[in-house]
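Here is a briefing on one predicted model.

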Amino acid sequence: MKNLFDVTDKVIVVTGAAGVLAGGVAKYLQRQGAYVVYLDLFQEKVDETLAEAKKISDQCCGFACSVLDQASLDAVYGKIMADLGRVDVLINGAGGNMPGATIGPNQDVFDLKIEDYSKVLDLNLKGTVMPTMTFAKAFKAQRSGCVVNFSSMSATQALTRVLGYSNAKAAIDNFTKWMATEMALKYGDKVRVNALVPGFFIGNQNRALLVKEDGSYTDRGQQVINKTPFRRFGEQDEVYGTIHYLISDAAAFVTGVVVPVDGGFSAFSGV
Ligand SMILES: NC(=O)c1ccc[n+]([C@@H]2O[C@H](COP(=O)([O-])OP(=O)(O)OC[C@H]3O[C@@H](n4cnc5c(N)ncnc54)[C@H](O)[C@@H]3O)[C@@H](O)[C@H]2O)c1
């Protein structure tokens, strides 16, 4: 019987692949037999990530590439098509926040730094749209392919202080639905676009916000736990299965969805 979850030899491009969640899922999929193209901003990070990936198998390559630089995206796309001839999956993992786009704990609402706000909108929103517009071109000729975007809990529920990142992630939810619709109507039912919404996972960007040096929770960390029925943060590997499902034939009739992996955070009112 056909294995609905088989990803053997699928060519999977991952942006932000030196990061915690995206890097973890990239290596997981390589272990499942996929060919993974690791993309991240700096050559040094790509080299480090690729050295780890080579220990898994030879089914990988990597490039330094900014998701906001069309010339570098085009160069990588050209190289992949010349060397591998196809792109089966794009995972848009590059993203993140920066302090100026967030209202500081003792700041006024009106202290928002618009320049930083714009940078965060660009990285998260354009940094998802631009790679999709580049790598999903392959899907047109193939009449098949999948995109997985990364949204956030803050896209649909206000998260205090975090504005730019939340606005961008809300737009990613919208982009996911729009792109899913356009691609299916134009190129058929084997082209699918979905998004994952991680709940709260401890990463480099949010560790200091959520956990103190002694391992206990900050006030904000405790607020998150209080609204999470599982009463804990997520473990990195708990996103892998959902992404695996979304890119596999097991999800053949699934497109335009935004799937929370959050220990119940989005279901719970907190009361
Ligand atoms: N970790 C969480 O709790 C969490 C929660 C919700 C959403 N997310 C989202 O999930 C996605 C993956 O998160 P993560 O934990 O792996 O993040 P991460 O910060 O560990 O990794 C992000 C990666 O993106 C890269 N990057 C930054 N700018 C880039 C650019 N211009 N071009 C290419 N790469 C660039 C960084 O170098 C980094 O390696 C992100 O979009 C993040 O916003 C994460």
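Seven strands form an open sheet in the order S3-S2-S1-S4-S5-S6-S7, and their pairing is parallel. Strands are DSSP E runs of at least two residues, helices are H or I runs of at least four, and both are numbered from the N terminus. Two strands pair if DSSP finds at least two bridges between them.

**Sheet**
- Strand S3 (60-64) and strand S7 (258-261) are the edges, each pairing on one side only.
- Neighbouring strands are turned by 20° against each other on average, direction ignored.
- S2 and S3 run parallel and are joined by five bridges.
- Valine 37 has cysteine 61 in S3 as its bridge partner.

**Helices across the sheet**
- Helix H4 (residues 114-135) lies across S1, S2, S4 and S5, at about 170° to S4.
- Helix H6 (residues 164-187) lies across S5, strand S6 (191-198) and S7, at about 165° to S6.
- Contact means heavy atoms within 4.5 Å.
- Axes are lines fitted to C-alpha atoms, for helices over the stretch in contact; angles run from 0 to 180 degrees between N-to-C directions.

**Nonpolar cores**
- A core joins buried Ala, Val, Leu, Ile, Met, Phe, Trp, Tyr and Cys residues through side-chain atoms within 4.5 Å; buried means under 20% relative accessible area (1.4 Å probe, protein chains only).
- The largest core has 31 residues; Ile12, Val14, Leu29, Tyr38, Ile91, Ile243 and Ile247 touch the most other members.
- Elements that each supply at least two residues include strand S1 (11-15), helix H1 (20-31) and helix H9 (240-247).
- H1 gives the most, six residues.
- Another core, of 27 residues, lies apart from it and includes Leu90, Val147, Ala180 and Met183.

**Basis**
- Residues are numbered from 1 along each chain as its sequence is written, and side-chain values use heavy atoms, without hydrogens and water.
- In this predicted model, local features need pLDDT of at least 70 and side-chain atom pairs count only at pLDDT 80 or more, while totals for chains, interfaces and linings use all residues.

How values were computed:
Buried means under 20% relative accessible area, exposed over 50%, partly exposed in between (1.4 Å probe, protein chains only).
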